[in-house]
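This briefing is intended for a reader new to the structure shown below. Its points are grouped by topic.

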Amino acid sequence: MEQRHNESENSVTLQYAVGGMSCTACAARIEKAVGKMEGVQSVAVSYPARSAWVQFVPGRIRSEDVMAKIGHIGFQASAAEHSKEQWKQERSALGLRLMISLLLTLPLLAGMTQHLPLLSGLSIPAWLLHPWLQLALATIVQFVIGLPFYIGAYHALRSRAANMDVLVAAGTSAAYLYSHYIVFSRLPTGETLVAGHTLPLYFETSAVVISAVLLGKYLEMTAASRAQDEAGGYSQLQVQSATVERSGQWVSVLTAFIWEGEIVRIAPGETVPVDGVLTSGETDMDESLLTGESLPVVKRAGDRIWAGTTNVGAMQRIRTTAAGHATLLSRISELLRQAQRSKSAIQQQVDRVAAWFVPAMLALSAFTFMLWLVLLEPGNWHQAFRCGVAVMLAACPCALGLAAPISLVIASGRLAKLGIVLKQAGALERLARLNTLLLDKTGTLTEGTPQVSAVWAAPTQTRSVVLRLAAAAEAGSAHPLGQAIGREAGRVGLTPPSALNMVYFPGKGVQAVVEGRSIAVGNATFAKAEQWKANAEAAAAVANFCTEREKRGETLLYVAADGLLIGCISLADRVKPHSFAAVQQLQRYGLQVMLATGDHQIPAQNAARQAGITQVYAGLLPEQKLELVEQLKRSGKRVGMAGDGWNDAPALAAADVGIAMGNGTEAALAAGHLTLLQPRMTAIVDALGISRLTVRNIKQNLLLAFLYNSSIVPFAAFGLLEPWMAGAAMALSSVSVVGNAMRLSYILRRHKQLPA
């Protein structure tokens, strides 16, 4: 049984595998019954996933009490880890019932030849039409194969609810008992149907309906199981054991028993079992299944390594920082389960409709019976019965209940494969309706780390010398600008010399002795305070260089040797590759894209221009971003906000859809409604495209379900459908909806994404 501590300190959330559900009405019944228990804070039940999630206070109620309550209302609850076994057992039992039902139903179909003109000329063995044989076969199908329908209907009615079992049990029982009465009252001598083919027996109706419903449920369960497997990619990455160094020996240990700080060995081709830090050397890690990054990522000593990634380099050792349920992989898996157990607005509306749909259809069936008996054909009990039963068998909300959940499971699984974590089912629906998107600059539109964009050198110097000396002075700096200079020197193949007597001036710069000279690197304020000198030619040249770079919103650092200006380094936070293409695609989707940043106006305008954004809000504090989101929502906009998940958290929470951009490692899992494990602008485009395809698929499913019910029920009520046809159509409606939902998986795989 899976357990996790909820945001409430005094409660836990447990997941159960639930067997015996026949439709979404069963899920609603469990939610209602368990939700009334003392100590239970919230309940969510998914019929497609055959799972229940219960949040409760341990001191006030026990897990065993919850399972007993679920059992009391007619279902079987077990530990979540047994869900796959339960699915297999339930599916096998259903398949066996279906096979036996079909074998016993086939002989009963012989009687239908007397009612269908095209088949009336067929020669049927008389013994197949013997009423006592038909009674015997129908009895087995009705009360042995169909027993679970009666059990489900009993528990539903006892709970003052109605579900598919009630409709199936009532409709098939009416057809069976009517035929049973005819056999015993009018054919006591065993007269065959050929001799008395005017007698209205409906044994084939009850048997065909039960077989059709079983077939529909079998196909539905198979499809739902496949959708769950496709969406469960993250759980498949979890490794149960690891090779750990203890007392100088390498031993195999379950990941749940690995402690922080222990050394774990990762062989080539092995999936990493824990989160940790690479202790030495370097290797390539395949993070595609976790973050959606297609190319291997180079990891060096000190870099973070994540559970679920694959070592495609040499044997390595990592120092554990998290194991078991504490890993990033486990937290992402929990967020996916959270999304699957949450309900979208569409699903909530469907659940409300389903709650009264079955009782309404039972009432319509009774009304149809009385209408025929009293007004349309007074006294014709046969016709009234046929139409009333047909309405009862045609009406079932199962197709409506399946319209959204399976599509949402498929979509969340596809998003996960692209490194996009969906935390709420409703967020996908809201994402599809967005018409405005606010983007933070740093880390969202841009790389988030400064990089050297240009180097100016005085006439007596070279750019390589300036960069080499500046990198030496900044060698021990933790400042992002200093680190950027060091990275650039390494990139162009320079080896900075050692530096002595380094002195840091916060907010200004750094000074050190390099190769016997006093080298200083700092901003304009620092240069002015230190009174660095430059000849007229150098002063004019550096002024032109700085003016041009400042117009682009870049940051300038000056370099001096022994008080003489020798160069200037310009740094910029570059716009991410494909940001322009992503913004263009978002605009083609009909979104108004804006930049909302705390950065200054000039760099904000420069980044927006490169990305193709025209509307810019610069110099905003976190509370001002929040006010901007609320202002746009008040004006009628449906607003999405994409940010780094930390200082943008208030705006992310207030937006219709908050998109938290991960930093390529530790994602901002606590913020927003969607989390991008790789902070790619193109991932927003992918998420938006998938959301719109999914919502369209759900609407198609609802339309199919509505068309079935709105067309089949009137046909049944006016006597244009035989009862067995109405029952088969009811089963077919669920199959068609599930089939269309599964088609979404193929559509999403073909969905064209922009380059990452």
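E515 is partly exposed, with a relative accessible area of 48%; here buried means under 20% relative accessible area, exposed over 50%, and partly exposed in between (1.4 Å probe, protein chains only). The model is a predicted one, in which local features need pLDDT of at least 70 and side-chain atom pairs count only at pLDDT 80 or more, while totals for chains, interfaces and linings use all residues. Residues are numbered from 1 along each chain as its sequence is written, and side-chain values use heavy atoms, with hydrogens and water left out.

**Loop residues with positive phi**

- E515 is located in the loop between β19 (509-514) and β20 (517-522); helices (H or I, at least four residues) and strands (E, at least two) are DSSP runs, numbered from the N terminus.
- Although E515 is not a glycine, it has a positive phi of about 50°.
- Most residues other than glycine have a negative phi.
- Q531 is likewise not a glycine and has a positive phi of about 55°.
- The loop between α19 (524-530) and α20 (536-551) holds Q531, which counts as exposed at 63% relative accessibility.

**The seven-stranded sheet**

- An open sheet is formed by seven strands in the order β15-β27-β26-β25-β16-β23-β24, with mixed pairing; two strands pair if DSSP finds at least two bridges between them.
- The edges are taken by β15 (420-422) and β24 (615-617), each of which has a single partner strand, so one side of each is left without a neighbour in the sheet.
- From one strand to the next, the twist averages 20°; axes are lines fitted to C-alpha atoms, for helices over the stretch in contact, and angles run from 0 to 180 degrees between N-to-C directions.
- β16 pairs with strand β23 (residues 592-596) in the parallel sense, over four bridges.
- Within β23, V593 is the bridge partner of L437.
- Helix α15 (residues 425-432) lies across β15, β26 (657-661) and β27 (674-676), and runs at about 105° to β26.

**T436 in strand β16**

- T436 belongs to strand β16 (residues 436-439) and counts as buried, at 0% relative accessibility.
- The side chains of T436 and N435 are joined by a polar contact of 3.1 Å; such a contact is a pair of N or O atoms within 3.5 Å, where within protein one must be able to donate a hydrogen and the other to accept it, and residues adjacent in sequence count only if both atoms are side-chain atoms.
- Leaving aside neighbours within four places in sequence, T436 is in contact (heavy atoms within 4.5 Å) with residues including L591, M594, L632 and V639.

**Helix α18**

- The twelve residues of helix α18 (residues 480-491) should span 16 Å at 1.5 Å a residue, and the end C-alpha atoms are 16 Å apart, which agrees; the expected span is 1.5 Å times one less than the number of residues.
- The buried residues of α18 are L481, G482, A484, I485, E488 and A489.
- These residues cover an arc of only 160° around the axis, which puts them on the same side of α18; the arc is that of the directions from the helix axis to the C-beta atoms.
- They pack against β17 (451-457), α17 (463-473), β20, β21 (555-561) and β22 (564-572).
- Just after α18, G493 takes a positive phi of about 90°.

**L278 in strand β9**

- L278 lies in strand β9 (residues 275-278) and counts as buried, at 2% relative accessibility.
- L278 and Q316 are 38 residues apart in sequence and 7.5 Å apart in space, C-alpha to C-alpha.
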